[in-house]
Amino acid sequence: MKKFLILLIMVIFLCGCVEKRIVDEINIAIASGFDPSDGDKEFKTTFLMQDFQEDMSVQNRTITSEGDVRREILIGSNRQSPSPVVVGGMRLTLFEKSIAKKGIKDYIDTYQRDATIGTRIFFATTEGKTEELLKGNYGPQGNGSFISDLIEHNIRQGDVPKTNLASFLQDYYQKGKDVYLPHIKKINDKNVDISGLMLFKGSKALYILPSEKMFYFKLLVDRYSKGEFTVSLEDGSKASVHSIISKHRLKMDKKDPLHLSIEINIKGNIKEYTGNKLNPKIIEAITKNLEEKVEKECIQLVKEFQEKEIDPVGIGAYYKTQIRGFDYEKWKQTYTDLSVDIKSDVEIIETGATY
């Protein structure tokens with residue numbers, strides 16, 4: 001009983017030390033965006049709030065401020081708000097393309113130092129100003145929730161590799177691996193699109209990988225739990241391979257360390273075929289076509305990364321685990337000359353309807 005009373009007193013004491021915030025008396029920013037400043041400041045920040053109405057609809061509201069440091073931005077935003085602006089509920093942060101190309105190191109450092117921000121927040125770069133993108137009207141759940149849900153959905157069931165603050169920081173601080181972020185484009189006031197992936201060299205955005213290459217990129221850097229791919233055959237027919245499950249493995253040649261094999265294993269179901277009849281011969285052709293396409297496209301991506309001296313696949317990080325006394329500075333000179341083979345193995349588990 002005595003121990004219980006002591007514990008109860010401690011709980012009451014600790015609770016009394018926590019700053020209380022009533023939800024109705026604060027502005028919770030659910031998303032933010034960084035754009036180049038219109039004046040002489042370092043950048044411009046837009047905070048997006050979502051006000052819930054009596055009919056359960058959501059009203060999007062933005063506050064924009066300019067500054068040189070994040071605290072200055074918050075002070076400027078609070079001058080425009082009747083209640084405190086807090087960032088603890090942030091789900092999304094966007095970086096305008098030119099901001100990302102200058103480098104996002106200082107922004108990331110601020111986020112990892114702020115204990116109120118969760119590690120599952122999504123980052124993305126944008127084509128055009130983030131302020132304009134956040135001011136759309138994309139769905140009843142509010143713009144911040146819509147865009148973050150869009151990214152999350154395409155990570156789980158699409159071609160976007162896993163990325164959030166936690167995974168981004170892990171890759172960013174790991175030698176031998178470069179980071180990447182979804183690249184978002186505003187189509188109109190009701191629609192946005194993940195138009196590609198922004199690839200970085202260090203903290204600076206380098207170039208955009210187009211959306212048609214994202215399937216192959218994800219095969220190299222992540223695992224598919226659900227995916228979809230269309231195969232075109234020589235006779236003009238097409239097959240849609242759904243529910244793709246994939247994994248990849250890097251394997252260094254111990255006799256020749258400058259030779260690397262990347263093995264990609266894919267399992268999937270044929271859900272649609274536009275030819276007359278789906279038979280074992282056609283299934284074999286679909287399998288072979290997909291294997292050849294994967295090997296061709298993936299090796300092109302790896303060579304492209306070597307030419308641009310970036311390593312989003314994490315080949316350097318893998319070699320660090322394989323070679324004792326790994327010298328990263330020497331590795332950077334070796335990376336571009338590395339010989340890489342792609343080996344793809346496709347297994348069709350089920351077949352669906354035939355058209």
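**Sheet, packed helices and cavities**

Val 241 has Ile 270 in E12 as its bridge partner. The model is predicted. In it, strand E11 (residues 238-252) pairs with strand E12 (residues 259-273) in the antiparallel sense, over 12 bridges. The points below cover the sheet, the helices on it and the cavities.

**The sheet**
- The open sheet has 4 strands in the order E10-E11-E12-E13, and its pairing is mixed.
- Strand E10 (228-232) and strand E13 (339-351) are at the edges; each has a single partner strand, so one side of each lacks a neighbour in the sheet.
- From one strand to the next, the twist averages 40°.

**Helices on the sheet**
- Helix H8 (residues 214-221) lies across E10, E11, E12 and E13, and runs at about 35° to E11.
- Helix H9 (residues 280-307) packs on the sheet and touches E10, E11, E12 and E13.
- The direction of H9 makes about 150° with that of E13.

**Cavities**
- There are 2 cavities of 30 Å³ or more.
- The volume of the largest cavity is about 50 Å³.
- Its lining consists of Lys 162, Thr 163, Ser 167, Phe 168, Asp 171, Val 179 and Tyr 180.
- By class, the lining of the largest cavity has 3 nonpolar, 2 polar and 2 charged residues.
- Helix H7 (residues 165-172) gives the most to the lining of the largest cavity, contributing 3 residues.

Conventions:
Residues are numbered from 1 along each chain as its sequence is written. This is a predicted model: local features need pLDDT of at least 70, side-chain atom pairs count only at pLDDT 80 or more; totals for chains, interfaces and linings use all residues. Side-chain values use heavy atoms; hydrogens and water are left out. On a 1 Å grid over the protein atoms alone, a cavity is a set of points where a 1.4 Å probe fits but cannot get out, and a pocket is an open set with protein on both sides within 12 Å along at least five of seven lines; lining residues have an atom within 4 Å of a point. Grid points are joined across faces, edges and corners, and a volume is the space filled by probe spheres set on the points. Helices (H or I, at least four residues) and strands (E, at least two) are DSSP runs, numbered from the N terminus. Ala, Val, Leu, Ile, Met, Phe, Trp, Tyr, Cys and Pro count as nonpolar, Asp, Glu, Lys and Arg as charged, and the others, Gly among them, as polar. Two strands pair if DSSP finds at least two bridges between them. Axes are lines fitted to C-alpha atoms, for helices over the stretch in contact, and angles run from 0 to 180 degrees between N-to-C directions. Contact means heavy atoms within 4.5 Å.
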